Amino acid sequence: MRRRLLDLSISVVLLFCSSIFIFSSFSNRSANAEVITLNSEIFNDKMQEKDTAWFVKFCVPWCKHCKNLGTLWEDLGKEMEGEDEIEIGEVDCGADKPVCSKVDIHSYPTFKLFYNGEEVAKYQGTRDVESLKRFALEETLQAATKAQLDGDAEL
C-alpha cells in the first residue's frame, strides 16, 4: 500500500513538473511570436510583400549594445500586434552576413524600415517602445501615401 502511494505521489509530481515545462514553452513562444526572424532564404521575399512595412533590427549576438536592448524588440513586437501592415523582424548579422551587407549594415544594432521592397528610413532615435512605435507608424504612413501617389500618377 505504501509503495503504491509513493508511486502515485511521484507520478503526480512528474505530471506537475511536465505541465510547468510545457506551459513555459508555450508562453515563451507567444512572447516572441510577433518578431519574425529573417534570414537570407526569406529576407528578400518578405521585404517585397506589397503594401507591407518591415521594421527590422540588425544585430550580432556578441554586441554589448544589442544585449543591452534586452526585451525591447520583443516588447515592440507585442505592442505592434494590431498593426496588420507593419511587421517586426530581426536579422542576426553573424549568421546572415550577405543580408546585412546587401542592406549596408556597418554597426550594431541598426534599425531600418522597409516598404514594398525599398528601404524607407533608418531609425536613430531613443530606444524605447513608444518612440520606436511612433517612428514605425509615421514612416509607414508616409511610405504608403507616397506609394499610393506614385501608383495614381502611373494611371
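Let's start with a buried residue: Cys 93 has a relative accessibility of 2%, and it counts as buried because that value is under 20%. Keep in mind that this is a predicted model. Its mean pLDDT is 84.

**The disulfide**
- How many disulfides does a search of the whole structure find? The search turns up 1 disulfide.
- Cys 93 and Cys 100 form a disulfide, with 2.0 Å between their sulfur atoms.
- In general, a disulfide is a covalent bond that joins the sulfur atoms of two cysteines.
- The link of Cys 93 and Cys 100 is left-handed, with -85° about the S-S bond.
- Is Cys 100 buried or exposed? Cys 100 counts as buried, at 3% relative accessibility.

**Cysteines in no disulfide**
- Cys 59 is in no disulfide, and the nearest cysteine sulfur, which belongs to Cys 66, lies 4.7 Å away.
- Cys 59 counts as buried, with a relative accessibility of 13%.
- Cys 63 is in no disulfide either: the nearest cysteine sulfur is that of Cys 66, 3.3 Å away. That distance does not make a disulfide because the sulfur atoms would have to be within 2.5 Å.
- Cys 63 also counts as buried, at 5% relative accessibility.

**Confidence along the chain**
- A pLDDT of 70 or more is reached by 78% of the residues.
- Where does pLDDT stay under 50? This happens over residues 11–32, and the model has 3 contacts beyond four places in sequence for them.

How values were computed
Residues are numbered from 1 along each chain as its sequence is written. This is a predicted model: local features need pLDDT of at least 70, side-chain atom pairs count only at pLDDT 80 or more; totals for chains, interfaces and linings use all residues. Side-chain values use heavy atoms; hydrogens and water are left out. pLDDT is the predictor's confidence in each residue, from 0 to 100. Contact means heavy atoms within 4.5 Å. Buried means under 20% relative accessible area, exposed over 50%, partly exposed in between (1.4 Å probe, protein chains only).
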